[in-house]
Amino acid sequence: KKFKFSDSLKSDLENFISSQNFDGATSYSFNTGKINSDEIIFFTDGIENWNEADKNKFFDGIKIPVFTVNSSKSANYSKLKKIAYQNKGVFVNLEECDVSSAVEKLCIEPLRIISVEFNSKDFSDIFPMQNEIVEKGFSVSGILKKKKGKLKISLGRNGKVEKVIEKTVSAVDSQESEKISRLWAMKKIDS
């Protein structure tokens, strides 16, 4: 259902949500091409259990931000973050924040990784994915094919670069390869 921004928006949303019959079934097989809106706020636990044939096609080709909101203790957090980040949205976990913080997350554009540039002869399988949010810090992992390589990481908001970080990575300097391998594997699974 589409809602217009007005003084009664909060009560209109509350009344609509309260009147719904939630059966616990979730399907992502809806036509996002017919959505005429500025953004989507998608309330889900991220666990698709109905019509799983299209489970990897959700939000394909959509050009507006998708915000995922979860209030369940058991959820597919990786999928919820992936949907949000791939579509320039934000994942809001109501189990970890109050309503005021949730509204702030939905209204204020966070700092994001806009791009990670590198020479493909030096690196492969670089993570994180584009549009990932940088909160308290971030890490980049990948496979270094040579002894050294350079990364150029661009951070910003609304697609505009605010900061560029250039880093030379050396295999010789790495002393915690087991921890780095695990970090890379976790990021690969999440992507």
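Lys 88 lies in the loop between H2 and E3, where helices (H or I, at least four residues) and strands (E, at least two) are DSSP runs numbered from the N terminus. The phi angle of Lys 88 is near 55°, a positive value in a residue other than glycine. The model is predicted, so local features need pLDDT of at least 70, side-chain atom pairs count only at pLDDT 80 or more, and totals for chains, interfaces and linings use all residues. Residues are numbered from 1 along each chain as its sequence is written, and side-chain values use heavy atoms, with hydrogens and water left out.

The protein chain contains 4 helices and 8 strands. Along the sequence, these elements follow the pattern α-β-β-α-β-α-β-β-β-β-β-α. Of the 191 residues of the chain, 30% count as buried; buried means under 20% relative accessible area, exposed over 50%, and partly exposed in between (1.4 Å probe, protein chains only). The chain exposes about 13,300 Å², of which carbon and sulfur atoms supply 50%; accessible areas come from the Shrake-Rupley method with a 1.4 Å probe, and for residues only the protein chains shown count as cover. Among contacts in the chain with a separation of 6 or more, 52% are accounted for by residues 24 or more positions apart, a contact being heavy atoms within 4.5 Å.

An open sheet is formed by 3 strands in the order E4-E7-E8, with antiparallel pairing. Strands E4 (112-118) and E8 (160-170) stand at the edges and have a single partner strand each, so one side of each is left without a neighbour in the sheet. From one strand to the next, the twist averages 20°; axes are lines fitted to C-alpha atoms, for helices over the stretch in contact, and angles run from 0 to 180 degrees between N-to-C directions. Two strands are taken to pair if DSSP finds at least two bridges between them. Strand E7 (residues 148-157) pairs with E8 in the antiparallel sense over 10 bridges. Ser 154 has Val 164, in E8, as its bridge partner.

The largest nonpolar core has 12 residues, among them Phe 67, Val 69, Leu 80, Tyr 85, Phe 91 and Ile 133. A nonpolar core is a set of buried Ala, Val, Leu, Ile, Met, Phe, Trp, Tyr and Cys residues joined through side-chain atoms within 4.5 Å. Strand E2 (66-70), helix H2 (77-86) and strand E3 (91-93) are the elements that give two or more residues to this core. The largest share, 3 residues, comes from H2. A second, separate core of 8 residues includes Val 116, Phe 123, Ile 126 and Leu 151. Ile 133, of the largest core, touches Tyr 85, Gly 89, Val 90, Pro 110, Leu 111 and Arg 112, not counting residues up to four places away in sequence.

Gln 130 is placed in the loop between E5 and E6 and counts as exposed at 51% relative accessibility. Leaving aside neighbours within four places in sequence, Gln 130 is in contact with Tyr 85, Ile 113 and Ile 114. Gln 130 and Ser 115 are 15 residues apart in sequence and 5.8 Å apart in space, C-alpha to C-alpha. Asp 125 lies in strand E5 (residues 123-127) and has a phi near 50°, a positive value in a residue other than glycine. Asp 125 is partly exposed, with a relative accessible area of 34%.

The structure holds 3 salt bridges, each defined as a side-chain nitrogen of Lys or Arg within 4 Å of a carboxyl oxygen of Asp or Glu. Arg 112 forms a salt bridge with Glu 109, with the closest N and O atoms 2.8 Å apart. Arg 112 is buried, at a relative accessible area of 3%, whereas Glu 109 counts as partly exposed at 24%. Lys 146 and Asp 122 meet through their side chains in a salt bridge (3.7 Å, N to O). This pair links distant parts of the chain, 24 residues apart: Lys 146 is in the loop between strand E6 (141-144) and E7, and Asp 122 is in the loop between E4 and E5. Lys 146 is partly exposed, with a relative accessible area of 45%, whereas Asp 122 counts as buried at 14%. Glu 162 forms a salt bridge with Arg 157, the closest N and O atoms lying 2.7 Å apart. Glu 162 counts as partly exposed at 49% relative accessibility, and Arg 157 is partly exposed at 32%.
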